[in-house]
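The stops below are arranged as a tour, each beginning with a selection.

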Amino acid sequence: MNTTDTARFLTMLASFSTNALTMGQRHARQQAERLAAALLETLLNAIDANDPDTGGHVRRVAAYSLELASAAGLDEPTMRSIERIALFHDIGKIHQALFDIVHDERKLTPADRRAIRTHPGRGADVLAPITPFYPDLRDGVLAHHEWWNGKGYPNSLRGQRIPLAARVVAIADTYDAVHHSRRYRGARGVQRALDVIAEGRGTQFDPELVDLFLCPPLVDALREIEQTMKRRTVRRGRERRSGRTQKAVDVTFRWRDELPEPLEKKSKRKSQPRARR
Ligand SMILES: [Fe+2]
Ligand SMILES: [Fe+2]
């Protein structure tokens with residue numbers, strides 16, 4: 001083998017080992033991502049097992065939040081972050097100290113309301129250990145009851161100081177809370193939920209996000225989610241004494257098929273006549 005051949009051989013060898021390393025690294029990263037997603041899924045299952053009402057609520061809030069985030073044109077990593085924050089925003093409510101208050105059917109007293117206001121902080125504490133892996137999660141959960149005008153809790157953050165994800169989730173959360181029944185209050189319907197969001201524009205909620213949320217294509221998309229819920233009712237907490245079923249959108253982390261389709265695409269698709277079969 002002459003010098004040129006040796007050099008060629010060494011270059012080939014180097015490129016081969018670099019490719020092998022890259023493949024190995026890719027595989028390791030993929031495994032790490034799967035593990036992280038599985039751990040979050042496990043945490044979500046723990047919420048379901050402890051409190052199926054909250055499990056259903058957070059899944060619906062995640063589905064609505066993703067629609068709003070998609071309408072806002074946010075990129076995929078931001079949407080994934082919003083999805084996680086939506087799914088864990090109320091994890092503090094399953095804390096033993098709040099469980100009876102949240103699940104009691106009587107009207108809330110001022111002391112109950114004060115106690116419930118601790119749930120963002122309790123949730124943030126629960127999630128603290130995974131902060132190095134999901135830096136936005138803890139802050140997003142902590143801020144989901146902050147108000148645009150600074151009158152929210154726990155830190156009275158104002159305007160854009162509130163993380164974007166928390167502003168998105170706050171709207172979806174209120175929509176679901178008004179629209180769906182709670183143990184201590186009946187459902188008040190889609191229109192009332194939309195009115196509450198409109199009334200909170202610029203006070204409770206980010207005005208630009210409210211404008212997007214109330215635009216007719218997005219409202220249609222929310223109704224579509226409702227239809228999907230009816231078709232794919234997930235029976236959670238099957239063995240619960242009450243025998244109630246919880247309607248929930250089937251949202252999964254890594255293995256959900258796709259993020260929501262952008263609204264323009266959706267409306268374009270709707271306006272096109274269907275091909276005859
Ligand atoms: Fe909350
Ligand atoms: Fe909530």
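Is Ser 156 buried, partly exposed or exposed? Ser 156 is partly exposed, because its relative accessible area is 44%; buried means under 20% relative accessible area, exposed over 50%, and partly exposed in between, with a 1.4 Å probe and protein chains only.

Before continuing, note that this is a predicted model, in which local features need pLDDT of at least 70, side-chain atom pairs count only at pLDDT 80 or more, and totals for chains, interfaces and linings use all residues. Residues are numbered from 1 along each chain as its sequence is written, chains are lettered from A and ligands numbered from 1 in the order in which they are written, and side-chain values use heavy atoms, with hydrogens and water left out.

**The whole chain**

Display the protein chain as a cartoon. It has twelve helices and zero strands; helices (H or I, at least four residues) and strands (E, at least two) are DSSP runs, numbered from the N terminus. Of its 277 residues, 42% count as buried. Contact means heavy atoms within 4.5 Å, and among contacts between residues at least 6 apart in sequence, 63% join residues at least 24 apart.

**The loop between H7 and H8**

Return to Ser 156, which is found in the loop between H7 and H8. The phi of Ser 156 is near 50 degrees, a positive value in a residue other than glycine. Next select Tyr 153 and Pro 154, which are joined by a cis peptide bond with omega of about 5 degrees. Pro 154 also has its place in the loop between helix H7 (135-142) and H8. For comparison, most residues other than glycine have a negative phi, and most peptide bonds are trans.

**The iron ion (ligand 1)**

Select the iron ion (ligand 1) and show its coordinating side chains. Asp 90 (OD), His 119 (NE2), His 144 (NE2) and His 145 (NE2) coordinate this ion at 2.2 to 2.3 Å. Donors are N, O and S atoms within 2.8 Å of the metal (3.2 Å for Na, K and Ca); water is not among the atoms, so sites may look incomplete. Along the sequence, the donor residues are spaced D-x28-H-x24-H-H.

Why is the arrangement around the iron ion (ligand 1) irregular? The four donor atoms subtend angles of 87 to 178 degrees, which makes it so. Four donors count as tetrahedral if all angles lie between 85 and 135 degrees; four count as square planar and six as octahedral if opposite donors are over 155 degrees apart and all others between 65 and 115; anything else is irregular.

His 119 belongs to helix H6 (residues 119-127), where His 119, Pro 120, Gly 123, Ala 124 and Leu 127 are buried. They cover an arc of only 140 degrees around the axis, which puts them on the same side of H6; the arc is that of the directions from the helix axis to the C-beta atoms.

**The iron ion (ligand 2)**

Now select Asp 90, which bridges the iron ion (ligand 1) and the iron ion (ligand 2), 3.8 Å apart. The iron ion (ligand 2) is coordinated by His 57 (NE2), His 89 (NE2), Asp 90 (OD) and Asp 173 (OD), at 2.1 to 2.3 Å. Its donors follow the spacing H-x31-H-D-x82-D along the chain. Asp 90 lies in the loop between H3 and helix H4 (96-103) and Asp 173 in helix H8, so the pair ties together parts that are 83 residues apart in sequence. Asp 90 is buried, with a relative accessible area of 2%, and Asp 173 is buried as well, at 6%. The site of the iron ion (ligand 2) is irregular, with angles of 80 to 176 degrees among its four donor atoms.

Select residues 164-179 to highlight helix H8. Helix H8 has 16 residues and reaches 23 Å from its first C-alpha to its last, close to the 22 Å expected at 1.5 Å a residue; the expected span is 1.5 Å times one less than the number of residues. In H8, 15 of the 16 residues are buried.

Arg 60 lies in helix H2 and counts as buried at 5% relative accessibility.

**Leu 74**

Finish at Leu 74, in the loop between helix H2 (52-71) and helix H3 (76-88). Leu 74 counts as partly exposed, at 21% relative accessibility. Not counting residues up to four places away in sequence, Leu 74 touches Ala 69, Met 79, Ile 82 and Leu 164.
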